Amino acid sequence: MVPSVSPVVMRALLIEPQMLFAPFFAATLTAAGYDRIEAVERVEPGDAFASGFDTVVIDSGSIDEPLQIVRAMRARFPAAKIVLYAHTIDTMWEPLARSLGADVLIGPRADEADLRAAIAFAV
Amino acid sequence: MAVAGLRVAVVESQVLFAKALCSIFADDGAFVVLGDYRTPNVEAFAQGKPDLIVIDLDGQPVDVAQTIVACTTAAPEARVCVLSMHLSPEMMQRCLAHGAEAYIVKDISPPELIRAMKTVAEGQSYVDPRVAGGLLRRRSQNGGKPDILELSARESEVLKLIAEGLANKQISARLHLSEKTVKNHVSRIFSKLNISARTQAAVHAIRAGIV
């Protein structure tokens with residue numbers, strides 16, 4: 001008898017304060033193969049989540065302290081890939097974000113293909 | 001205006017968000033997306049004659065007034081809808097004063113955006129109720145009088161020069177206006193701000209960040 005294997009469920013957390021854009025990002029994540037997507041406007045370092053996440057996507061542009069959120073998400077979900085969408089990227093910001101736990105950074109010129117690539121890399 | 005076949009142009013500095021906005025409109029049968037642009041595209045607007053221009057204010061490289069005026073100049077028939085992440089009565093007032101018909105905060109859902117856009121297309125205005133509420137409260141505290149942000153662009157310019165200490169004659173030379181015209185502007189500024197002295201005008205200008 002062949003033991004049954006549970007399908008792998010891919011989970012993503014989307015932090016998008018501009019909720020107008022959340023469905024677009026969620027649809028892109030779904031198309032990339034994510035089964036469960038939790039979209040939130042904001043997180044606090046102490047927030048509780050029902051499950052872990054394989055990927056955390058953060059729109060940093062409208063978050064007051066995006067780097068603190070990156071650090072908090074890295075601490076909370078050590079195995080997750082963190083994709084940071086930045087509205088501006090400068091030479092200091094990128095290494096800082098990476099040092100705090102961001103795996104992939106995409107910037108203001110990123111298009112859908114870049115986002116898909118970032119998500120695929122994260123998977 | 002019938003709410004069907006509405007030509008919409010999107011001005012959005014971020015490519016991904018532009019695609020997101022276009023997909024919201026494209027998914028609704030009432031809209032035809034003319035294109036998305038990083039900044040107002042005068043040529044495309046003049047040719048495409050959009051019914052609606054949606055501007056995401058955040059990330060635009062120039063002042064809101066310039067952005068809106070560039071759109072309304074290129075497409076005088078278009079109704080301009082501003083998206084912003086700021087729940088700011090001041091910003092809303094500036095947008096409306098410069099020709100926008102809508103001020104929409106980006107925490108709304110896509111169906112709400114569609115509803116707002118159709119409202120504007122029908123000839124009405126739309127403002128985020130939370131921001132409008134703040135504005136009404138401020139007006140009520142101000143005895144029902146409009147405030148500095150309701151000055152016209154020219155009046156704001158004159159006010160700035162008053163605050164810099166220029167006399168009417170100097171202002172007229174600086175702005176290439178007659179002294180009588182400057183006097184009229186000053187009179188309207190005083191009336192709108194409910195003040196009677198140039199020093200008070202300067203204080204208003206400084207508080208409003210005009211200088």
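**Contacts, cores and cysteines**

Modeller: In chain B, take the contacts between residues at least 6 apart in sequence: 64% of them join residues at least 24 apart. Keep in mind that this is a predicted model.

Biologist: How many helices and strands does chain B have?
Modeller: There are 10 helices and six strands in chain B.

Biologist: And what share of chain B is buried?
Modeller: Of its 211 residues, 48% are buried.

Biologist: Let's do strands. How do S1 and S2 of chain B run, parallel or antiparallel?
Modeller: Parallel. Strand S1 (residues 6–11) and strand S2 (residues 31–37) of chain B are joined by six bridges. For example, B:Val8 has B:Val33 in S2(B) as its bridge partner.

Biologist: What lies between S1(B) and S2(B), and which hand is the crossover?
Modeller: The chain passes through H1(B) on its way from S1(B) to S2(B). This β-α-β crossover is right-handed.

Biologist: Now the core. Which residues touch the most other members of the largest nonpolar core?
Modeller: B:Phe25, B:Phe31, B:Leu52, B:Leu113 and B:Met117, out of 45 residues in that core. Helix H1 (residues 15–26) of chain B gives the largest share, seven residues. There is also a second, separate core of 23 residues, with A:Val70, A:Met73, A:Ala86 and A:Leu105 among them.

Biologist: What is B:Leu52 in contact with, beyond four places in sequence?
Modeller: Its contacts include B:Leu6, B:Val8, B:Phe31, B:Cys81, B:Met117 and B:Val120. B:Arg7 and B:Arg79 are also among them.

Biologist: Switching to helix H4 of chain B. Which residues are buried there?
Modeller: In H4(B), residues 89–97, the buried ones are B:Pro89, B:Met92, B:Gln93 and B:Cys95. Looking down the axis, these buried residues fall within an arc of 165°, so they line one face of the helix.

Biologist: And what comes just after H4(B)?
Modeller: B:Gly99, with a positive phi of about 115°.

Biologist: You mentioned cysteines. How many disulfides are there?
Modeller: Zero, over all chains. For B:Cys22, the nearest cysteine sulfur is that of B:Cys81, 14 Å away.

Conventions
Residues numbered from 1 in each chain as written. Chains lettered and ligands numbered in written order. Predicted model: local features only at pLDDT ≥ 70, side-chain atom pairs only at ≥ 80, totals over all residues. Heavy atoms only, no water. Buried < 20%, exposed > 50% of the residue type's maximum accessible area, 1.4 Å probe, protein only. Helix = DSSP H or I, 4+ residues; strand = E, 2+ residues; numbered from the N terminus. Arc of directions from axis to C-beta. Disulfide = S-S within 2.5 Å. Core = buried A, V, L, I, M, F, W, Y, C linked by side-chain atoms within 4.5 Å. Contact = heavy atoms within 4.5 Å. Pairing = 2+ DSSP bridges. Right-handed = clockwise from strand over helix to strand, strands pointing away.
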